[in-house]
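My entries follow the structure shown below.

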Amino acid sequence: MECRLANADQIAQAFAQVHVVWPHDPDPALHLEKRLASKQHQRASWFVIEDAGTVVCSLGAYPFQLFGPDGDRPARAFGAVFTPEAHRGQGHAARLISWVCEHYAEMGTLDFILYSDIDPAYYQKLGFQTLPSYEWAWDLPRSGPRVDMTVFPARPLDPELPGFRYGIRRQTADAIWVQEKQNSPLRLSRCLATGNWLLSRQDHGTYTLLESSLTQSASDWPELLRLMESDARQAGCHRVKGWWVSHEPRPEASWENVFKPRSQEILMWSSLRGAGDPWRADIGQHGFRALLSEHV
Ligand SMILES: CC(C)(COP(=O)(O)OP(=O)(O)OC[C@H]1O[C@@H](n2cnc3c(N)ncnc32)[C@H](O)[C@@H]1OP(=O)(O)O)[C@@H](O)C(=O)NCCC(=O)NCCS
């Protein structure tokens, strides 16, 4: 049973298998069609373990660039790690992840990230370390101040967000991908008075903030909140949610109930540079710029 870069047949098999966990549509045939056509998934390189013609494990590896105080690094983000139920518990996923890391290491990529939907202990055993990652959500108050904003169809923007020492570097191609990959129509709203903007998605009355020109810092947060609540109300939503992505610690005290460590999409990082990697100590403590819009 070899680990390998998937061919088209193996990709189709792997995509069909994940219908049970990540359905694009209740109908398996439509699910496969949508997943094969999805901009998000087309960006990844897909790897599989095959046993006698059957895919028994698969994952996607997405190209990213990370920045740090000492320069940029090529990286891969793992997504959709999947083993069909009948083949679980045999070490397939662990072997495939290690193999893919080695495969990229030979080409000079030594940094890997992923967003864990399972107990991070699983990935910790494979050398990943958990980075601080938080989410927030609350039900909108029924009424509130209305901010005048213009709403545009989404188009690529760069949120810049100064202050981070580490994170994913937004490149031009990423900006387009970030918007094309979302499965819902997007809303780009710009405040007439300040020019600050919010990029969001609306699903069944929930307003998800994908990114914004405002940082999530103590000084910007009240303004972000004001724009977001007004924009969400104008979009007909009753709930807002997003990730806390900031180089500052999350707000304490009165915000305790809305800011929570993520139970899903937990950010993890692995470096094959060994214990001496200068990023290691710092990266576990300070904010890492990885926006919800870039999640894979
Ligand atoms: C998680 C998953 C990929 C593991 O695949 P696998 O080939 O069975 O993995 P391995 O054989 O390398 O490891 C099995 C271990 O995974 C652990 N594991 C499986 N699901 C887990 C979960 N939800 N949370 C924590 N650990 C889990 C098993 O308990 C087992 O632990 P052990 O080694 O201590 O006995 C597989 O269970 C799966 O496809 N799950 C559904 C999709 C999913 O959630 N993917 C992860 C997204 S981040």
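**Entry 1: domains.** I looked up the division of the protein and found domain 1 (2–133 + 262–294) and domain 2 (134–261); such bounds come from an automatic or database domain assignment. I note that the model is predicted, that local features need pLDDT of at least 70, that side-chain atom pairs count only at pLDDT 80 or more, and that totals for chains, interfaces and linings use all residues. Residues are numbered from 1 along each chain as its sequence is written. The C-alpha centres of domain 1 and domain 2 are 26 Å apart.

**Entry 2: where the domains touch.** I found 25 residues of domain 1 in contact with 25 residues of domain 2 (C-beta atoms, placed from the backbone, within 7 Å). On the side of domain 1 that touches domain 2, the elements giving two or more residues are α3 (39–42), β3 (54–68), α8 (280–283) and β16 (288–289). Here helices (H or I, at least four residues) and strands (E, at least two) are DSSP runs, numbered from the N terminus. β3 provides the largest share of that side, 5 residues. By class, that side of domain 1 holds 11 nonpolar, 7 polar and 7 charged residues. Ala, Val, Leu, Ile, Met, Phe, Trp, Tyr, Cys and Pro count as nonpolar, Asp, Glu, Lys and Arg as charged, and the others, Gly among them, as polar.

**Entry 3: the ligand.** Which residues are the closest to the ligand? I found T83, R88, A93, A94 and I118 to be the closest of the 17 residues that surround the ligand (C-beta atom, placed from the backbone, within 6 Å). β4 (71–82) and α4 (92–105) are the elements that give two or more residues to this shell. α4 gives the most, with 3 residues. By class, I recorded 8 nonpolar, 6 polar and 3 charged residues in the shell around the ligand.

Terms used: Contact = placed C-beta atoms within 7 Å.
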